[in-house]
Amino acid sequence: MAKSIDKTSKIYIAGHRGMVGSAVWRALQAKGYSNLLGKTSQELDLRDQAAVDAFYNIEKPDAVIDAAAKVGGILANNDFQYQFLMENMQIQNNLIDGAFKNGVEKFIFLGSSCIYPKFAKQPLKEAYLLTDSLEPTNEAYALAKISGIKACEFIRNQYNKDYVSLMPTNLYGYNDNFDLKSSHVLPAMIRKFHEAKQNSQSPVTLWGSGTPMRDFLFVDDLAQAVVYALENKLDENLYNVGSGKDLTIKELAKIIQKITGHKGDIIWDATKPDGTPRKLLDVSKMKAMGWQYNTALEAGIQKTYVWFLDNINNFKEVKL
Ligand SMILES: NC(=O)c1ccc[n+]([C@@H]2O[C@H](COP(=O)([O-])OP(=O)(O)OC[C@H]3O[C@@H](n4cnc5c(N)ncnc54)[C@H](OP(=O)(O)O)[C@@H]3O)[C@@H](O)[C@H]2O)c1
């Protein structure tokens, strides 16, 4: 009989120092969970199968939340395809199989909206997985994530364990990566507009045409979805998590320009790739389960900008 999760359950959050992992940690701590477990990549390299097996053997967690991954923006994903495929598969395989072999009943796998086909109908439903080709610039990352989703699905179906995958849309918030070589579009814009403001309101150059549409979710709202999935058994194996609303990259730039107080020009560098033309997640399945987002985009960006200013001298260094 599976042990149900309570406030004393041992919950291992893989990647607990990352943007997602740290948000999940804060959310669980705030709810009174008292037995949270985290290891840095220096303490436990999740690519190392023997080390992960030994860790599971000793710690025997009741639940695992997989927020550890090699993550990056278009540039990093495109230039380091082999590393994005292989390291992500190593990390998730060791975590999923180690959990399975050690009798962990509850596993929450975090993927990303890039798992869906490049030209899939919008908004993206979970059912569109594996119905067409992926966006080439993040194919490697997406393939790794898809294999993680499938591993969890097969364990769930074959062994009746609560292994579930949540696919967040583009996330932003505290502990985001502001390193321009590897950051996602929203934190990259915050940094570029802020620095241009400091630099006598110089022009800001942004990638692509500005016409692609994206949805964004404040990471603390995703953390609430993870807590929800931890405390409840979701009916199916795969759920999208997002705001359900999208906007163009140009509109996003205007919002960030206003919040940061930049008054200069914006130059769009159309020689750089746009990525998928539109990517909006259909979040009706997760809504029907009882979760929905609650931080409006401008409010979330405002909070993130305050965090950015407070931490400007301590940003994490991202090695590729
Ligand atoms: N950011 C987004 O917009 C977004 C959107 C959708 C989905 N997601 C998903 O959410 C998850 C987490 O993303 P994030 O944005 O929180 O990433 P992040 O801030 O880069 O954090 C990733 C974490 O993974 C850990 N990690 C990486 N390689 C490791 C290794 N070899 N061994 C041990 N730990 C390792 C790092 O640990 P250390 O800090 O100890 O080195 C880091 O804390 C990913 O699965 C990602 O696909 C993110």
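Which residues line the largest cavity? They are Cys114, Tyr116, Pro117, Lys118, Leu124, Glu135, Asn138, Thr276 and Lys279. Keep in mind that this is a predicted model.

**The cavity**
- The count comes to 1 cavity of 30 Å³ or more, and the largest cavity has a volume of about 40 Å³.
- Sort its lining by class and you get 4 nonpolar, 2 polar and 3 charged residues.
- If you're wondering about the idea behind this, rolling a probe the size of a water molecule over the atoms shows where empty space is left.

**The ligand and its shell**
- There are 27 residues around the ligand, and the ones that come nearest are Val20, Ser41, Gly111, Tyr141 and Lys145.
- By class, that shell holds 13 nonpolar, 9 polar and 5 charged residues.
- Arg17 reaches the ligand with its side chain: an N or O atom there is 3.0 Å from a ligand oxygen atom.
- How much of the ligand does the protein bury? Taken alone, the ligand exposes 880 Å², and the protein buries 86% of that.
- Helix H1 (19-30), helix H5 (139-159) and strand E6 (170-172) are the elements that give two or more residues to the shell around the ligand.

**Aromatic pairs**
- The tally here is 10 aromatic pairs.
- One of them joins Phe107 and Tyr163, whose rings are stacked at 5.4 Å centre to centre, with 20° between the planes.
- Phe107 belongs to strand E4 (residues 106-110) and Tyr163 to strand E5 (residues 162-168), so this pair ties together parts that are 56 residues apart in sequence.

- A bit of background first: most residues other than glycine have a negative phi, and most peptide bonds are trans.
- Going from Gln122 to Pro123, the peptide bond is cis, with omega near -10°. You'll find Pro123 in the loop between E4 and H5.
- Lys60 isn't a glycine, yet it has a positive phi of about 45°. Look for Lys60 in the loop between helix H2 (49-59) and strand E3 (63-66).

Key
Residues numbered from 1 in each chain as written. Predicted model: local features only at pLDDT ≥ 70, side-chain atom pairs only at ≥ 80, totals over all residues. Heavy atoms only, no water. 1 Å grid on protein atoms, 1.4 Å probe; cavity = no way out; pocket = protein on both sides within 12 Å on 5 of 7 lines; lining within 4 Å. Points joined across faces, edges and corners; volume = space filled by probe spheres on them. Nonpolar A, V, L, I, M, F, W, Y, C, P; charged D, E, K, R; others polar. Near = heavy atom within 4 Å. Polar contact = N/O pair within 3.5 Å; in protein donor to acceptor, adjacent residues only side chain to side chain. Areas by Shrake-Rupley, 256 points an atom, 1.4 Å probe, with all protein chains shown as cover. Helix = DSSP H or I, 4+ residues; strand = E, 2+ residues; numbered from the N terminus. Phe/Tyr/Trp six-rings, centres within 6.5 Å; stacked < 30°, edge-to-face > 60°.
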